[in-house]
Amino acid sequence: MPWGTQPPPDWRKRVAALPLAKRLRLAARARTAPLFAHAYAFHLNMRFGGMTPLHLADFTAAQRLSGLKLHVDDGEQASLGRMDGDALAGFAAQMKARGLELHVETSTTAPHGLADAVRIALATGATSLRCYPRYEGRVSQIIAWTIADLRRLADFDPQGRLRYTLEQHEDLKSEELIHIIEAVGNPRLSLLFDFGNMINAYERPMPALAIQAPHITEVHVKDCLVQPDRGGWAHLACLSGEGRLPIQAMLLELLLLGEDRPQVLAFGLEEEEGYFAPALRRPSDGPDPFIPARTASFTGRGTGDLGPRLSREAAAAHRQVETIRTMLEDIALEAERTEG
């Protein structure tokens, strides 16, 4: 099934069909959406350019964003994972001084890594911790292992100080993620919806969002190109607005979640230009396909002069903030224009 066989969703028509109260609420939410910086937007700068978590906090504050999503390994020697207790407390104080909310991320659900990430998140005053399974095995095994892992969250955080999100990360399908959430049964556990990661599991963005919607509380915003890959789909991340993802249609549906208050608490701006992820699920899969081992996400540095590449990455991160804010304002104006 080629990617481009279906027309893009008409988000303006969707707005026009909303009742007045929902349009007014949509306009207000679009203008106050909690936008978070994401460290992956500076992935190469943090690996090779000497950028530290504190530099990222400065960027976040300068862009007037609500907070920061930071992986425990971002920043190499300066990362949260390398900090001792005093340094973690100091970083917490720096975030508080800037008025920023911190979300910590890790690329595992395995007990040792998850427990350490919880420790780091609590020490830095974070409010949320994202995780995802990265197991090799049959899908049924990965699901069972992940359920067992996440049932231990109450042991790692007995006072329930953190919220937790499970991210769709290229291998599991939406129904499988819902099954994990419901089987774990932890009211502090929900889903983080990534704008492109369903592609590698052979799902399309809008249907995946509709399935996951009741459990989505956080988001990674990015764009990508879609490529055929061994009977499935791979994705190549690109500048926001230049890819194949219906970004504004997804933003619209996410903003509409929640009646009395917004359901989505953070939109992480995760520009990932150059990141490539291969197909992990295909329509030819049997009932219980095998998922191979994989590393945590990374983007190659390329073969040319690294300096210009780091500059382009930083410029892209700044530009994404402007692009998404423009899209959100466009949604707000459309909601107001169709009033009456």
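Biologist: Look at the lining of the largest pocket: how many of its residues are nonpolar, how many polar and how many charged?

Modeller: Keep in mind that this is a predicted model. The lining of the largest pocket has six nonpolar, eleven polar and 14 charged residues. The pocket itself holds about 430 Å³ of space. In total, 31 residues line the largest pocket, and His71, Asp73, Asp74, Ala296 and Ser297 come closest to its centre. Helix H3, residues 43-48, gives the most to this lining, with three residues.

Now take the second largest pocket. Its space comes to about 280 Å³. Its lining has 19 residues, and nearest the centre are Glu170, Ala277, Pro278, Arg294 and Thr295. Here the classes are twelve nonpolar, three polar and four charged.

The model has two cavities of 30 Å³ or more. The largest cavity has a volume of about 100 Å³. Residues lining the largest cavity include Tyr40, His43, Leu44, Arg309 and Glu313. Glu271, Glu272 and Glu273 are also in that lining. Helices H3 and H12 (306-337) each supply at least two residues to the lining of the largest cavity. H12 has the largest share, three residues. By class, this lining counts four nonpolar, two polar and five charged residues.

The second largest cavity holds about 50 Å³. Among its lining residues are Ala37, His38, Phe42, Phe59, Leu65, Leu269 and Val321. Strand E1 (35-38) and H12 are the elements that give two or more residues to this lining. H12 gives the most, with three. This lining has eight nonpolar and two polar residues, and no charged ones.

Turn to the strands. Strands of a sheet pair through backbone hydrogen bonds, either parallel or antiparallel. Begin with strand E8, residues 216-221. Six of the six residues of E8 are buried, so this strand is largely enclosed by the rest of the structure. Strand E7 (residues 189-194) pairs with E8 in the parallel sense, over four bridges. Opposite phenylalanine 193 stands valine 219 of E8. From E7 the chain passes through helix H10 (residues 205-212) to E8, and this β-α-β crossover is right-handed. E8 is also joined to strand E11 (residues 266-269) by four bridges, and the two run parallel. There, valine 219 has phenylalanine 267 of E11 as its bridge partner.

A further sheet is open. Its three strands have the order E9-E10-E12, with antiparallel pairing. E9 (223-229) and E12 (276-277) are the edge strands, each pairing on one side only. E10 (residues 232-238) and E12 run antiparallel and are joined by two bridges. Leucine 236 has phenylalanine 276 of E12 as its bridge partner.

Now a helix. Ten of the ten residues of helix H11 (residues 247-256) are buried, so H11 is largely enclosed by the rest of the structure. The buried residues of H11 include Ile247, Gln248, Met250, Glu253 and Leu256. After H11 comes glycine 258, with a positive phi near 95°.

Finally, the record. An unreviewed UniProt entry annotates residues 112-254 as "domain: Xylose isomerase-like TIM barrel". Over residues 112-254, the chain is 38% helix and 26% strand. The end C-alpha atoms of that stretch lie 33 Å apart.

Definitions and conventions: Residues numbered from 1 in each chain as written. Predicted model: local features only at pLDDT ≥ 70, side-chain atom pairs only at ≥ 80, totals over all residues. Heavy atoms only, no water. Buried < 20%, exposed > 50% of the residue type's maximum accessible area, 1.4 Å probe, protein only. Pairing = 2+ DSSP bridges. Right-handed = clockwise from strand over helix to strand, strands pointing away. UniProt positions renumbered as here; feature names shortened; annotations may be inferred. 1 Å grid on protein atoms, 1.4 Å probe; cavity = no way out; pocket = protein on both sides within 12 Å on 5 of 7 lines; lining within 4 Å. Points joined across faces, edges and corners; volume = space filled by probe spheres on them. Nonpolar A, V, L, I, M, F, W, Y, C, P; charged D, E, K, R; others polar.
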